[in-house]
Structures are given as structure tokens and as C-alpha cells.
Amino acid sequence: MRIPAHSVCTAIRDDIVTGVHERGGRLTEEVLARRYGVSRVPVREALRTLEAEGFVVTRRHAGACVAEPTEQEAADLLEMRLLLEPLGASRAAQRRTEAHLKVLRGLVRLGQERARQGNSDDLRSLSGWFHETLAQASGSPALTSALTQLRHKIAWMYASEGPPDPVEYWAEHGAIVDAVARGDGDRARAVTALHTERATAGHRLRFAGGADRGARPDRVRNPQHPVNMPSLRH
């Protein structure tokens with residue numbers, strides 16, 4: 001069975017974000033093909049895509065390597081998100097469908113419930129799904145793609161402490177959905193801007209000052225160990 005290049009791309013990107021492939025490390029087609037159980041063709045295509053996204057760079061005499069973003073580049077990502085997230089919410093207020101609203105409201109209810117119970121295990125994933133759905137509701141594939149890439153790269157470059165008050169955090173999500181449901185673009189933009197600014201305050205750069213090159217979460221996978229490609233998210 002031929003594994004699609006986009007699935008290989010997702011796998012490599014996820015491993016870069018979680019620190020399996022360290023910043024500056026080489027990404028050889030042969031090793032990657034063996035790890036993900038595919039031929040070199042989808043790996044080559046995936047590396048081209050990841051280079052366009054800024055996760056990979058091609059160096060003379062070294063080939064493909066994991067990018068090493070500067071602190072300024074990392075700071076720019078947060079600034080871009082502060083601009084684009086509110087724009088996406090404003091567009092969503094004008095273009096959302098009932099299906100989008102149903103999903104957003106369901107995520108808010110679930111997030112508020114988990115927050116009240118003090119169960120924070122799923123809150124990060126729920127928040128990611130919420131913002132992904134909100135971006136899709138903007139009706140702009142280009143904006144949705146840009147926001148998705150921003151979230152991936154911010155997760156790669158920053159450690160997040162999580163909201164100090166999860167209940168209030170999910171109340172803000174609810175306020176965003178209320179504005180979107182009413183078609184109030186200005187309100188949706190303003191509430192999302194405040195929410196994004198507060199969320200950004202909890203981010204800490206993983207490689208500040210360059211002293212933490214290759215910093216990654218405590219639990220990482222062995223980059224030489226094969227992975228089960230059919231289980232990958234598409």
C-alpha cells in the first residue's frame with residue numbers, strides 16, 4: 001500500500017514538534033523512509049513541503065536538516081497569531097455554518113465541564129480543536145492553513161504553562177462562540193484578541209539564548225525506531 005506523502009509529512013512534522021528530530025539535526029531520506037516504513041519518494045515530497053513551511057532547511061554538503069529558528073522568528077509567530085486569530089474569528093462571524101456552530105458549542109460545553117472538574121488532561125486538545133474549527137469557519141482556506149501552521153510552529157518553539165484559570169479560559173471560548181453565532185464580527189474580533197493575548201502570556205521559549213538547543217519534552221520517541229504509518233492522522 002502506497003502511503004500518501006501528506007501522511008509522511010504529518011509524521012515528520014509531529015516528530016519535529018515533539019523533539020524527536022532535534023533542531024539542526026540531519027534528515028536523511030534513507031533513515032526517514034526506514035523509520036516510517038515508506039519509500040524515499042513520499043519522504044522527498046514531505047521534506048519539500050516541510051521546507052516550504054519553515055520546519056526544514058537544505059544546507060550545502062548536509063542536505064535536509066531541521067530548521068533552527070531564532071528568538072526573533074519565534075517572537076514574530078506570536079505576533080502573527082495575535083493578528084490572524086482575531087481576523088479568523090471576525091470572518092467566522094460572517095461565514096460560519098450551522099455545522100460549525102454545532103461543533104464549536106459542543107467543544108465549549110465539553111471544555112467547560114472538564115475545566116470545572118479540574119480535569120486538565122484533555123483541555124489542551126480541546127482548545128486546539130476549538131481554534132481549528134473556528135479557523136475553518138472563517139471560510140478562507142488560506143487563512144485556515146496559515147493558522148494551522150502557526151499553531152504547529154508555536155507548539156514546536158514554545159512550552160505552554162496552560163491557563164491559570166481553566167474555567168475562565170473556557171468562558172472566553174464561550175464568549176467567542178456567542179459573538180460568532182450572532183454574526184457580530186467586531187465583537188468576535190475583540191474577544192478573540194483578548195483571549196489570544198492572555199493565552200500568549202503563558203508561553204515560554206524552549207531555546208532562549210541558544211542555551212537549550214534541541215530542547216524537547218521529557219518523553220520523546222527514538223528517531224530510529226519504526227513507526228506504524230497506517231495509524232497516522234491524515
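**Fold, helix pair and one threonine**

Biologist: In what order do the elements of the protein chain run from the N terminus on?
Modeller: This is a predicted model. The protein chain has nine helices and four strands. From the N terminus on, their order is α-α-α-β-β-α-α-α-α-β-α-α-β.

Biologist: What percentage of the residues in the protein chain is buried?
Modeller: Buried means under 20% relative accessible area. The protein chain has 234 residues. The buried share is 43%.

Biologist: How are α1 and α2 oriented to each other, roughly parallel or roughly perpendicular?
Modeller: Two packed helices are described by the angle and the distance between their axes. For α1 (residues 5–17) and α2 (residues 29–36), the axes come within 11 Å and cross at roughly 100°. Angles of 65 to 115 degrees count as roughly perpendicular. Therefore α1 is, relative to α2, roughly perpendicular.

Biologist: Which residues in α2 do Ala-11, Ile-12 and Asp-15 in α1 meet?
Modeller: The residues of this contact divide into four nonpolar, no polar and two charged. On the α1 side are Ala-11, Ile-12 and Asp-15. Their partners in α2 are Leu-32, Arg-35 and Tyr-36.

Biologist: Is Thr-10 buried or exposed?
Modeller: Thr-10 sits in helix α1. Its relative accessible area is 12%. The cut-off for buried is under 20%, so Thr-10 is buried.

Biologist: Which residue has its backbone oxygen 2.9 Å from a polar atom of the side chain of Thr-10?
Modeller: Leu-50 is 40 residues from Thr-10 along the chain, with a C-alpha separation of 9.3 Å. The 2.9 Å pair is another matter: there, the backbone oxygen belongs to His-6.

Note on methods:
Residues numbered from 1 in each chain as written. Predicted model: local features only at pLDDT ≥ 70, side-chain atom pairs only at ≥ 80, totals over all residues. Heavy atoms only, no water. Axes fitted to C-alpha atoms, helices over the stretch in contact; angles between N-to-C directions. Helix = DSSP H or I, 4+ residues; strand = E, 2+ residues; numbered from the N terminus. Parallel < 35°, antiparallel > 145°, perpendicular 65-115°, else oblique. Contact = heavy atoms within 4.5 Å. Nonpolar A, V, L, I, M, F, W, Y, C, P; charged D, E, K, R; others polar. Buried < 20%, exposed > 50% of the residue type's maximum accessible area, 1.4 Å probe, protein only. Polar contact = N/O pair within 3.5 Å; in protein donor to acceptor, adjacent residues only side chain to side chain.
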